[in-house]
Amino acid sequence: STSPLRLYATVSDAYSQTLELADIDWDSIGFGLQPTDYMYVMKCPLDGSFSKGELQRFGNIELNPSSGILNYGQGLFEGLKAYRKEDGNILLFRPEENALRMKIGAERMCMPAPTVEQFLEAVKATVLANKRWVPPPGKGSLYIRPLLMGTGPVLGLAPAPEYTFLIYVSPVGNYFKEGLAPINLVVENELHRATPGGTGSVKTIGNYAAVLKAQAAAKAKGYSDVLYLDCVHKRYLEEVSSCNIFVIKGNVISTPAIKGTILPGITRKSIIDVARSQGFQVEERLVSVDELLDADEVFCTGTAVVVSPVGSITYLGKRISYGDGGTGVVSQQLYNILTKIQMGLLEDDKNWTVEL
Ligand code: COI
């Protein structure tokens, strides 16, 4: 009898046929929205608890013009990724961490949050409903974007009377246009991302609108993104518009401590663990901008950016370069370990992945 494999020209053809992948060019996806099939919607009415959600066809949503999110920015988002394993199965990376972070953020923004179980079930259902959009191994990942929004109408300033939890997904590749090559940052001296007592440590939508101006100015000058300093001393590193920052000197890897103005990144936390297990000394503390001058390597972490090496940082007009244009040895080592765990290519002894 004829083996079914012989019906296909190549093994990889057979592979994509059996997976029923979406018909897009998987080699050219960047970090932009590719509409997919379904989104998940769950509402929380006046009584204060989320009820059962449902999958809907992906598309526009209706909002009251007076909704809390549109008028007063009462909203949070999350970001996590699903990877396709070589065997075709799908891995989520630490999704309960996103569920917990959303709960903490919701408390800060006076919103009810889905329970961890509701969050996880919703993420799994959304990914499975869109599984043809999870890229084949090595071609990227499915970016999962949960939103929590005040959707009920308000006019006077107050928490909205109704909330919506929504998840949409999009296949993504590299975040920066540099791909995996080192990025060039510029230290911002005037504008700030967060203030003590503010909302910098939660993933509220306004934190990201607040960085657009400095980011646009930096991009216009050819930089990849902006590195923010603390607003009190204008001296300590905070984070980049869309990711956390790490500085390497010898065997010591330092990153700004989570003290209210820094987003507690899940990739940040994972890289700290990976680095320690590799024998590095990791310090979470105040990191002075002066330390950039004699660092060996600098890299950024985030769900979207993964581990992005930094090739140069410009501070007060002076450009500090790292390495010879390629990725630093330690940044590459940490990137390799993390991404192999995420893709199911390295034993997940920390139990970070969830297989669907
Ligand atoms: C992520 O890394 O998932 C984020 O939420 C950052 C966003 C600006 C893309």
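Author: Two strands pair if DSSP finds at least two bridges between them. With that in hand, let's explore this predicted model.

Reader: Which residue of strand 6 is the bridge partner of Leu80?

Author: Start with the strands themselves: strand 4 (residues 80–84) and strand 6 (residues 141–150) run antiparallel and are joined by three bridges. Leu80 belongs to strand 4. Its bridge partner in strand 6 is Ile144.

Reader: And which residue of strand 5 is the bridge partner of Tyr83?

Author: Strand 4 also pairs with strand 5 (residues 90–93), in the antiparallel sense and over three bridges. In strand 5, the partner of Tyr83 is Leu91.

Reader: Which residues of strand 4 point the other way from Leu80, Ala82 and Arg84?

Author: In a regular strand the side chains alternate between the two faces of the sheet. Here Leu80, Ala82 and Arg84 point one way, and all the residues of both sets are buried. Pointing the other way are Lys81 and Tyr83.

Reader: Are the buried residues of helix 6 on the same side or on opposite sides?

Author: The buried residues of helix 6 (residues 212–220) are Ala214, Gln215 and Ala218. They cover an arc of only 100 degrees around the axis, so they lie on the same side.

Reader: What do those buried residues of helix 6 pack against?

Author: First, set aside the face turned away from the buried side, which carries the exposed residues Leu212, Lys213, Ala216 and Ala220. The buried residues of helix 6 pack against strand 8 (183–188) and strand 9 (225–229).

Definitions and conventions:
Residues numbered from 1 in each chain as written. Predicted model: local features only at pLDDT ≥ 70, side-chain atom pairs only at ≥ 80, totals over all residues. Buried ≥ 20, exposed ≤ 12 C-beta atoms within 10 Å, placed from the backbone. Helix = DSSP H or I, 4+ residues; strand = E, 2+ residues; numbered from the N terminus. Arc of directions from axis to C-beta. Contact = placed C-beta atoms within 7 Å.
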